[in-house]
Amino acid sequence: MLRTIDLRGRDLTTAQLLSAVPRAQAARAEALQAASDIVADVRERGEASLRDQAARFDRVTDHDIRVPAAHLDEALEHLDPTVRRALEEAIRRVRIASAAQVPPPTTTDLGPGARVEQRWQPVRRAGVYVPGGKAVYPSSVVMNVVPAQVAGVGEVALASPPQAEFGGRVHPDILAAARLLGVTEVYAIGGAGAVGAYAYGVESIGLDPVDVVTGPGNNFVAAAKRAVGGLVGTDSEAGATEILIVADESADAALVAVDLISQAEHDEQASAVLVTWSPELAESVRAQVAERVERTRNGARARVALNGPQSAVVLVDDLAVATAFSNAYAPEHLELHLRAPRPEDFVNAGAVFVGENSPVSLGDYLAGSNHVLPTGGQARYAAGLSASTFLRPQQVIAYDREALRAVHDGIVALAVAEELPAHGEAVTARFADVRAGE
């Protein structure tokens, strides 16, 4: 369990570090083809495709794809009070943190009468996805919906898989969370099919196309976002979960082990990686993982993930190499179990958890941060879900006559240089005194 990748004694380039990163590439490639086929089928056959997928993947037939309002009300009425309080606190915290992500409008005066305004416009309509396969995620309702609401999105639709256990309904905890947030447009649709339905719309069930699709899921959901890219906006590809822990000899092996298992229990494709320069810690963590995984409820699933090619113990020479490896890996979740952590050095990560009292589980639920984060190395260039996911920066340009006159010659010169003379003529035409001198 947890194979070893030994990088000690080697001076590695960035390319070599990237090639050493443990990932299940074959699974991702297969997911992209399958997801593309599913999305195409939804585009062609609409509701019929969604019902076929529900029967095939969720073992559900003849269910309400568009969730009746009564189901939402009933779910909230029967929600465990302890879970309700936890969700309400998560909503409060995520709302506060999300509000800090909305940039204020700014106005830049470039000279007398020359002004550029920067404003942030919310999309009109968003479609959020909440997984519901091997586990149920009412917390993901919060993480998707709250930032959209804070951003000012007018219409938010929610999709989650139908559950055979509940007669084809969406899991009641997910419905209850949606009801708490005032979301009334909910669909019992799972996986890549939901992403396709959001992108193209399904008229027979009243689902209009959206402008942005967000939400976590397995590799098929992540791949489906790639398949609809260019048609709708998407957040980062938040696929099968990843945790990378950088730890030194001061780390508590038991805490490192439970944190690795906590993410491995999500899915057989989950990635759990420890990077350390302490062979003693590595062996202790491996022993703790082997012992503890047998005692956890989802141990069978976690064991597959921990034994997969995407999980490993990586031995390095020192902190500098560990930092370089982590930045090459660009994990979804990064934990630092270090005597003297320097989170500012770890620039590529969806979210960074500093110290033994900041486990990923905190971010999953009640840290106030968002748990919908980029996977598969996308943290090198992509951000986690936030209010800005639902906002478009837009510039408003307002120049008066004299301000335009001040840049007239420069515009004409550049237009001539680029062999686009009509660009310059569009400015020249506005000045009668210039035209008269020609």
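I looked up what covers the buried residues of α5, and the cover includes α6 (138-151), α7 (172-180) and α14 (360-365); contact here means heavy atoms within 4.5 Å, and buried means under 20% relative accessible area, exposed over 50% and partly exposed in between, with a 1.4 Å probe and protein chains only. Helices (H or I, at least four residues) and strands (E, at least two) are DSSP runs, numbered from the N terminus.

I note that this is a predicted model, in which local features need pLDDT of at least 70 and side-chain atom pairs count only at pLDDT 80 or more, while totals for chains, interfaces and linings use all residues. Residues are numbered from 1 along each chain as its sequence is written, and side-chain values use heavy atoms, with hydrogens and water left out.

I then checked α5 itself, which runs over residues 81-99 and, with 19 residues, reaches 27 Å from its first C-alpha to its last, close to the 27 Å expected at 1.5 Å a residue; the expected span is 1.5 Å times one less than the number of residues.

Which residues of α5 are buried? I found Leu 87, Ala 90, Ile 91, Val 94 and Ser 98. They lie on the same side of α5 because they cover an arc of only 105 degrees around the axis, taken from the directions from the helix axis to the C-beta atoms. On the face turned away from that buried side I listed the exposed residues Pro 81, Thr 82, Arg 85 and Ile 96.

For the whole protein chain, I recorded 17 helices and 16 strands, and buried residues make up 48% of its 438 residues.
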